Amino acid sequence: VQLQASGGGLVQAGGSLRVSCAASGRTFSNYAMGWLRQAPGKEREFVAAISWSGRSTYYVDSVKGRFTISRDNAENTVYLQMNSLKPEDTAVYYCAALGITTARTMGVVSFNEYDYWGQGTQVTVSS
């Protein structure tokens with residue numbers, strides 16, 4: 001699976017942004033999908049995941065109620081809608097794929113278990 005993230009940009013605090021990840025190659029619906037982020041000088045952090053069917057989602061506590069992950073298996077795309085953005089959300093956002101599993105599993109396993117990664121898209125939130 002090849003993953004291509006897009007949609008990042010500069011937004012003011014309190015604003016919204018939606019990032020997308022388009023997949024190609026193997027059957028997209030065979031994979032749980034997730035978003036992770038890495039801020040300068042910090043370790044990569046799990047943000048959100050969605051099961052292969054889209055029926056379950058899982059979020060890190062810091063984005064619950066503000067971010068929504070969704071997927072369109074017909075379009076081979078996963079989205080991360082980010083609302084009420086904060087300066088601490090500034091990071092490079094990466095999408096990743098993990099074979100058929102639950103969203104929660106994708107949120108708790110080591111990143112080394114992930115099958116595929118996208119190249120990342122920069123999100124900058126100004127104060």
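**Pairs and contacts in a predicted model**

Modeller: The torsion about the S-S bond of Cys 21 and Cys 95 is about 60°, so the disulfide is right-handed. This is a predicted model, in which local features need pLDDT of at least 70 and side-chain atom pairs count only at pLDDT 80 or more, while totals for chains, interfaces and linings use all residues. Residues are numbered from 1 along each chain as its sequence is written, and side-chain values use heavy atoms, with hydrogens and water left out.

Biologist: Are Cys 21 and Cys 95 buried or exposed?

Modeller: Buried means under 20% relative accessible area, exposed means over 50%, and partly exposed lies in between (1.4 Å probe, protein chains only). On that scale, both Cys 21 and Cys 95 are buried.

Biologist: Which residues are linked in a network of salt bridges?

Modeller: A salt bridge is a side-chain nitrogen of Lys or Arg within 4 Å of a carboxyl oxygen of Asp or Glu, and the count comes to four. Arg 37 meets Glu 45 at 2.7 Å, N to O, and Arg 37 also meets Asp 89, at 2.9 Å. Asp 89 in turn has a salt bridge with Arg 66, at 2.7 Å. The linked residues are Arg 37, Glu 45, Arg 66 and Asp 89.

Biologist: How many residues apart in sequence are Asp 89 and Arg 37?

Modeller: Asp 89 lies in the loop between β8 (77-82) and β9, whereas Arg 37 lies in strand β4.

Biologist: At what angle do the ring planes of Tyr 31 and Tyr 116 lie?

Modeller: Rings of Phe, Tyr and Trp (its six-membered ring) pair if their centres lie within 6.5 Å; planes under 30 degrees apart count as stacked, over 60 as edge-to-face and the rest as tilted. The whole structure has six aromatic pairs. The centres of Tyr 31 and Tyr 116 are 5.7 Å apart, and the pair is edge-to-face because the planes lie at 75°.

Biologist: What is the relative accessible area of Tyr 116?

Modeller: Tyr 31 in strand β4 (residues 31-38) and Tyr 116 in strand β10 (residues 116-117) are 85 residues apart. Tyr 31 is buried, at 12%. Tyr 116 is partly exposed, at 23%.

Biologist: Which residues do ring pairs link into a cluster with Tyr 94?

Modeller: The rings of Tyr 94 and Trp 117 have their centres 6.5 Å apart and their planes at 80°, so that pair is edge-to-face. Tyr 94 counts as buried at 15%, while Trp 117 is partly exposed at 30%. The residues linked with Tyr 94 are Phe 111, Tyr 114 and Trp 117.

Biologist: Which residue has its charged end over the ring of Trp 117?

Modeller: A charge sits over a ring if NZ of Lys or CZ of Arg is within 6 Å of the ring centre and within 35 degrees of the ring normal. One case is Arg 71, which lies over the face of Phe 28 at 4.3 Å from the ring centre. Over Trp 117, at 4.7 Å from the ring centre, sits the charged end of Arg 44.

Biologist: With which side chain does the side chain of Thr 105 make a polar contact?

Modeller: Thr 105 is found in helix α1 (residues 103-108) and is partly exposed, at 28%. A polar contact is a pair of N or O atoms within 3.5 Å; within protein, one must be able to donate a hydrogen and the other to accept it, and residues adjacent in sequence count only if both atoms are side-chain atoms. At 2.7 Å, the partner of Thr 105 is Thr 102.

Technical notes
Helices (H or I, at least four residues) and strands (E, at least two) are DSSP runs, numbered from the N terminus. A disulfide is a pair of cysteine sulfur atoms within 2.5 Å.
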